[in-house]
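Reader: I am new to this structure. Could you walk me through the terms used for it?

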Amino acid sequence: MHWLIPLVCLIGATSCHNVGHNTKAGPPPPQEKGIVDWINSWLSTSSTTSRPSMELPPDDCPTCQCGIARTRRRIVGGYETKKLEIPWIVVLMYNGRFYCGGSMINDLYVLTAAHCTSGFRKEKMSVRFLEHDRSVANETKTIDRKVAAIIRHLRYDPGTYDNDIALLKLDKRVDLSTALKSARVDEVEGDQDTGIRPVCLPAAGDSYSNYTGLVAGWGTTEEGGSVSNTLQEVRVPIISNTECRKTAYKQRITENMLCAGEEQGGRDACQGDSGGPLHVLNSTDKYQIVGVVSWGEGCARPNRPGVYSRVNRYLTWIKSNTRDACYCQ
């Protein structure tokens, strides 16, 4: 099994998730720090809690909608997204450097992969919203938040990537009242709609087999390549766990995982995409997050689909740990 690292990229046109795809663990060594300092910081105990929040959401939660993207486009293959097309996707940074992705699910919490938090100190983590091209300063009006708490699933297994899911509690709420509430934003011209929207949570009990999923991230655009400056997206077919166990992964696929990809390969997430979202459109034309980029062998290889944490296996865990947040409908 290849060692996976916390970067994922989209392959299909220009994206992928390299980890050998097997694991995305540990931030890239900072260039300006000594290797000993980096190792010490990487191995430091992270501030992690698994206790559900006992607080209640505020009384003035805004009326808002989740899962509304800024385009009606249907993309086949993989390429750069429209600017701010996916308003819930976030950049996770460690010591100011990009290393993983995540998704905003309400005004106070970001959903990501557990391996993007294991061994990481929350004091050195930050979350950036409304990013598109990481190489261009001020291209979009980004918003940064510090991480107040890491809530990693207690049964996360770093050896198998089972239960590879975590929540990041932000130090301050994000204002959800600024996003326009139009049905989809083909009607909005220019950059008028600059607000953040969360993604919708998935329906309980659905396997999502035979759906087409949309995965997005800033990961590498080829296995072993460089991460992308611009946000990429690619569409991949979701397959059943029964079918996934017929691939090279066999019994490594647990009920907490979801697989997406084609038998011949060619389209996938890759290194640097870890923690980012796999979406489907529901019957009301809203995006639900059904998977969190977790692991795989290589990027877009035949008989080795991308493997994601199956979000609807964790709905009770998510809700119990985010009781103090405002959700959109």
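The talk below takes up a few labels and the values behind them.

Author: Happy to! This is a predicted model, where local features need pLDDT of at least 70 and side-chain atom pairs count only at pLDDT 80 or more, while totals for chains, interfaces and linings use all residues. Residues are numbered from 1 along each chain as its sequence is written, and side-chain values use heavy atoms, with hydrogens and water left out.

Reader: Why is Asn 241 called buried?

Author: Asn 241 has a relative accessible area of 7%. Buried means under 20%, exposed over 50%, and partly exposed in between, with a 1.4 Å probe and protein chains only, so Asn 241 counts as buried.

Reader: What does the side chain of Asn 241 reach?

Author: The backbone oxygen of Met 257, at 3.2 Å. A polar contact is a pair of N or O atoms within 3.5 Å; within protein, one must be able to donate a hydrogen and the other to accept it, and residues adjacent in sequence count only if both atoms are side-chain atoms.

Reader: What makes strand S2 largely enclosed?

Author: Six of the six residues of S2 (residues 89-94) are buried, so the strand is largely enclosed by the rest of the structure. Ile 89, Val 91 and Met 93 cover one side, with Val 90, Leu 92 and Tyr 94 on the other. Strands are DSSP runs of E with at least two residues, and helices are runs of H or I with at least four, numbered from the N terminus.

Reader: How do you know that S2 and S3 pair?

Author: Two strands pair if DSSP finds at least two bridges between them. S2 and S3 (residues 97-104) have six, in the antiparallel sense, so they pair. Val 90 has Gly 102 as its bridge partner in S3, and Phe 129 as its bridge partner in S5.

Reader: Why is the link of Cys 61 and Cys 326 called a disulfide?

Author: Their sulfur atoms are 1.9 Å apart, and a disulfide is a pair of cysteine sulfur atoms within 2.5 Å, so the pair qualifies. Cys 61 lies in the loop between helix H1 and strand S1, and Cys 326 in the segment after helix H3, 265 residues apart.

Reader: Are these two cysteines buried or partly exposed?

Author: One of each! Cys 61 is partly exposed because its relative accessible area is 29%, whereas Cys 326, at 2%, counts as buried.
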